[in-house]
Amino acid sequence: MGSGQVTSSVPSEFQGKHVTVAGLGVSGVPAAKVLHARGAVVTVVNDGDDARAREQAAELEALGVTVRLGDGATLPEGTELIVTAPGWKPDKPLFLAAAKADVPVWGDVELAWRLRGPDAAPWLAVTGTNGKTTTVQMLASILAAAGLRTAAVGNIGVSLLDAVLGEEEYDVLAVELSSYQLHWAPSLRAHSAAVLNLAPDHLDWHGSMEAYAADKGRIYAGNRVACVYNVADKLTEDLVREADVEEGCRAVGFTLGTPGPSQLGVVDGILVDRAFVENRHKSAQELAEVSDVNPPAPHNIANALAAAALARAYGVPATAVRDGLRAFRPDAHRIAHVADIDGVAYVDDSKATNTHATEASLASYESIVWIAGGLAKGATFDELVAKSAKRLRAAVLIGADRALIREALARHAPEVPVVDLERTDTGAMLQAVTEAKRLARPGDTVLLAPACASMDMFTNYNQRGDAFAAAVRELGA
């Protein structure tokens, strides 16, 4: 059964409790339904008052839930608990008022965690600035290859409330968690967890890099078997050192190099495990070949190693790691090969919406005509361009904040030809691909890795990637 179908006959800690749900949308509506079904007196507050919000409000009011549209700042009188949508910032007046009144605030993840049954499936949790979704999907594929009942859930799109309260039974869940979700999940305790990487992101929400990292680090709290970290990213290892875990929980690193004891890594094109073997100081277990990873770009191999580490922490055999990685297919717009035209590869990585993701994308190819630009979200591009300059054949810039990238290119890669497209309608993508085709040479890769958000020109990164692919096919026809 879905999250809105829980019967009120279930004994509930929420019976008669006054709960305020902050925000409608994909998490707020299910949370309100679940709490109402369990006997809570539910009030939903929402900043917006548009047609979609009014439609959702009518649905909830028909159940007996109170909804206040256009008023997300005021704490309803008598509130004993707030359950918030993950995107609501901690400094909102509602939460400041809650802190003053000593009212706890949970996110939808916290609610799902507390509503788990006594025999609930353990969680293998993943966070990081980039690569979360791919890693969780790889992990679910590996767990399924081992014959386990599993699902990829959380920030990935499948509601944790649905996974926890639904009729389907699971052995283990592969859970993607954002920094927002972790901020509002104080009692979450995963079986094992991984922080893939850390780079400045969402700092407007968290307030500082330190606060952002601290929220990411919450994923390690109470881990039972393994805290998985990135050997190449010291910040992730620091978070493990600071974590309060259960006795016997181990730190397990992943690296693109040769692994040391208690690490997974790569040796002669083979993914190997020196963590979950009997004698990790002297032996290693082959897991898969690099060629089993799709696509075998460096950052994606790192994702595969992190997924393998979590699966091995759960006791999955090596053959399941290989079979799961072979079966995995990445989502659209993640370093997706679109076509080869006249000896030039065209690759869509529209999902690379920040500099950290784009740096990994650019590192995957030797000679690149780079299509970049959009909404910078406060990012700077000097470090990205300096690190990637030697790989750039040329750059084609689009979008509202393209000047920031153009200026970084002028400072750190002045020899790289730059085409600056002023038009900001969606048709600019065809012009961008046309210019990129003109600049490219056989053996090059035309790479859409924007390093920016898409909403200045497109609905989302999916539409941007689709526009790129359509332009490539039009030029190749």
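Helices (H or I, at least four residues) and strands (E, at least two) are taken here as DSSP runs, numbered from the N terminus. What you're looking at is a predicted model, so local features need pLDDT of at least 70 and side-chain atom pairs count only at pLDDT 80 or more, while totals for chains, interfaces and linings use all residues. Residues are numbered from 1 along each chain as its sequence is written, and side-chain values use heavy atoms, with hydrogens and water left out.

Let's start with asparagine 303, which sits in helix α11 (residues 298–313). With 7% relative accessibility, asparagine 303 counts as buried (under 20% relative accessible area; over 50% is exposed and in between is partly exposed, using a 1.4 Å probe and protein chains only). Its side chain makes a polar contact with the side chain of threonine 135, at 3.4 Å. A polar contact here is a pair of N or O atoms within 3.5 Å; within protein, one must be able to donate a hydrogen and the other to accept it, and residues adjacent in sequence count only if both atoms are side-chain atoms. Leaving aside residues up to four places away in sequence, asparagine 303 also touches Gly131, Thr134, Met138 and Leu196, where contact means heavy atoms within 4.5 Å.

Two strands pair if DSSP finds at least two bridges between them; the parallel strands β9 (residues 192–195) and β10 (residues 226–230) have 3. In that pairing, alanine 194 faces valine 228 of β10.

Aspartate 273 is buried, at 0% relative accessibility. A polar atom of its side chain lies 2.8 Å from the backbone nitrogen of phenylalanine 276. The ring of phenylalanine 276 has the charged end of arginine 250 over it, 5.4 Å from its centre (the rule: NZ of Lys or CZ of Arg within 6 Å of the ring centre and within 35 degrees of the ring normal).

Now for the aromatics. The whole structure has 4 aromatic pairs, meaning rings of Phe, Tyr and Trp (its six-membered ring) with centres within 6.5 Å; planes under 30 degrees apart count as stacked, over 60 as edge-to-face and the rest as tilted. Tryptophan 113 and tryptophan 123 form an edge-to-face pair, 4.8 Å centre to centre with 80° between the planes. Tryptophan 113 is in helix α4 (residues 108–114) and tryptophan 123 in strand β6, so the pair ties together parts 10 residues apart in sequence.

There's also an open sheet of 5 strands, β3-β2-β1-β4-β5, with parallel pairing. Its edges are β3 (66–69) and β5 (105–107), each pairing on one side only. Helix α2 (residues 51–61) packs on this sheet, touching β2 (41–46) and β3, and its direction makes about 165° with that of β3.

Note on methods: Axes fitted to C-alpha atoms, helices over the stretch in contact; angles between N-to-C directions.
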